[in-house]
Amino acid sequence: MIRSAYYGRFGGSFVPEILVPALESLEAAFLDAQADPTFVAELETLLRTYAGRETPLYQCRQLGRETDSRIWFKREDLLHGGAHKTNQALGQGLLAQRLGKTRLIAETGAGQHGVATALTGAVLGIPTRIYMGAADIERQQPNVQRMRLMGAEVVPVTQGGATLKAAINEALRDWSASYATTHYLLGTVAGPHPFPLIVREFQRVIGREARAQFLEATGRLPDAVVASVGGGSNAIGIFTDFIADAAVRLIGVEPAGEGLHTARHGATLQRGRPGVLHGCYTQILQDDEGQVQESHSISAGLDYPGVGPEHAQLQETGRAQYVGCTDAEAMAAFSLVARSEGIIPAVESAHAVAGALKLARTSDRPLDILVNLSGRGDKDLATVLRYQAEEAARGAANVVAAAGGIDAR
Amino acid sequence: MPAERYAAMFARLAERDELAFVPFFVLGDPSMEENLALISAAVEAGADGLELGLPFSDPIADGPAVQSAVTRALEAGTRISACWPLLRAVRNAHPTVPIGLLVYANLIVHAGVEAFVTQCAAAGVDSVVIPDAPSLEQAWFAEAFAKGGVALARILPPGADAARVQEVARSSAGYVYVTSRGGVTGADDTLQADSTAVISALQKEGAAPALLGFGIAQPTHVHAARAMGVAGAISGSAVVQRIGAHGTPAARRAAVVAFVREMKGATGPHPTANHPIAPRSANRA
């Protein structure tokens, strides 16, 4: 490898030996492409004319008005494909072409990365296969249909918990047999080096734009930048160009699921231990013997027991803070954004909004808070409506129980 | 010397002009009690060495058969802490048989590398191979294994370049695990890769003897391995498939014993070694 595979003590390339040459040639091609004006221009043109960059920076008109703080959205939800994932899928797709690969494979959890890979395969004319946990296929049907409409093959993975973790395992297995002809278009800033580097560099356009837009709008920098963290690609994307601005707080919001005191959450950085998963040494949710656990989140896109190694380092150095937000808090934020701003956010992004609102409400001074609204929530309607129906039923049961109609013990 | 059981095994087999046959089991598959019985039955049926896997939740180098075996073991409640006494029991029952452990990196890192090596040595494990720790990450492990007296074996995939062959030849202890196919473990009808060039390159570098694995499922594959110049063959998927395919302990045992006999029977000189055809039926007895 040419570049270090490590972020502090986290990172590395823990893969079968057979994949090492593929990772080495990928790293070399990426570094070469970054220095090639033709490549940079082609990606820039695709992002502008096809994907719709740059995305707007929007100052919320209603949200947070009960506090003195101002909340700003970086509108990645308006990007083609419906989420920030498109930024880096297009970048990796062009890299795959540069490497002469004739097939793309990818994993997906919520389906957003699958959709981004499918549209990349379509627009670049490369056959594409997406591995997706059978449980995720169940809860993210609209994205499955989108992928198939754009010509991608969606392969259900039934091993393990049938979620994102199992889908990554399956994609890695495929790649270890197919690397000669196939590019593994990994979807987040995790995995073996050079993926965390490549995905970060293709996603940092979010923070680069947002920083310039914010300066232009206000003449200063925000007090805090807030993003949701599953694997961590949208957070790294908006954090990176603010890392050198020491006064800007960087806050990652992890899915606290049913609560950090329960076993049902995906708060890897807050509750994990260092270990090796999917090719890198990072924080992971694991049991007392090192078996990797299943995470839980109402958001399929944050439902992952690992996290990008650079986040583990940003946490360890204290440059970024990581907090949790429960399913219930995310759902409340979702409703608030929908009703007060007329925006249906992805449930992933609703976690970031919930974190921003908490910050605004507890601050003793007015803040400018920049939120990465990483995706739109059309894919989540079934999840949200089901959650609201269950809440209504629970609420009714509680009323009956409080009235003594049911033994609530 | 950590590799002395391997050295003794290879020397003994060389005298008889036989390859080593090394079956692979996942510890705790299908249960702790039955696992020990199956492993012992395999040794009694002619296995020269053993390759044993600690069950891990995310076995990225393994295909469907070994994944199913891992799932069986974990669903039966197998704890890593209980695998150490099991390994000790295998060692006590078979004092001279080389025992190799296949372990994913997280189980070692989680335990702490030095503590893990100490456990291996105490349980009588001869070697460890880490399928997701390539050359790039050997520094995490090499020193602790060397100090702890447990051999750290390396995997060499088909198509490895000269630099990789040389590096693996110099660092792999006990044996070199040469894989006969790209991709993950699995039982194939035909061997996918010809490893002859890699094997002779290893020999030129003075490497430990090579065991060929990934896809070894039939006696003809052992003949082919012999023609490539390896010192032995490892069968994993084909073994654990037999455990998964049968409903009773007796049937599982019979299937494993028959397979080991058939495969071990193919390890001697064979007149049609270069023409993989039907195995000798006499070895089924």
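1. The largest nonpolar core has 190 residues. A nonpolar core is a set of buried Ala, Val, Leu, Ile, Met, Phe, Trp, Tyr and Cys residues joined through side-chain atoms within 4.5 Å, buried being under 20% relative accessible area (1.4 Å probe, protein chains only). A:Phe239, B:Phe25, B:Leu101, B:Phe116, B:Val128, B:Phe141 and B:Leu202 have the most contacts inside this core. Helix H1 of chain A (residues 20-34; helices are DSSP runs of H or I, at least four residues) gives the most to it, with eight residues.

2. The model is predicted: local features need pLDDT of at least 70, side-chain atom pairs count only at pLDDT 80 or more, and totals for chains, interfaces and linings use all residues. Residues are numbered from 1 along each chain as its sequence is written, chains are lettered from A in the order in which they are written, and side-chain values use heavy atoms, without hydrogens and water.

3. B:Val128 is in contact (heavy atoms within 4.5 Å) with B:Leu101, B:Phe116 and B:Phe145, among others, leaving aside neighbours within four places in sequence. A second, separate core has 24 residues, including A:Ala224 and A:Ile369.

4. The contact between the chains takes 36 residues from chain B and 33 residues from chain A. In chain B, B:Asp58, B:Ile60 and B:His110 lose the most area to chain A, together 23% of what that side buries.

5. Five salt bridges (Lys or Arg side-chain nitrogen within 4 Å of an Asp or Glu carboxyl oxygen) are found across this interface. In one of them, A:Glu17 pairs with B:Arg164, with the closest N and O atoms 3.0 Å apart.

Note on methods
Buried area is the accessible area (1.4 Å probe) that two parts lose on being put together, summed over both. Buried means under 20% relative accessible area, exposed over 50%, partly exposed in between (1.4 Å probe, protein chains only). Helices (H or I, at least four residues) and strands (E, at least two) are DSSP runs, numbered from the N terminus.
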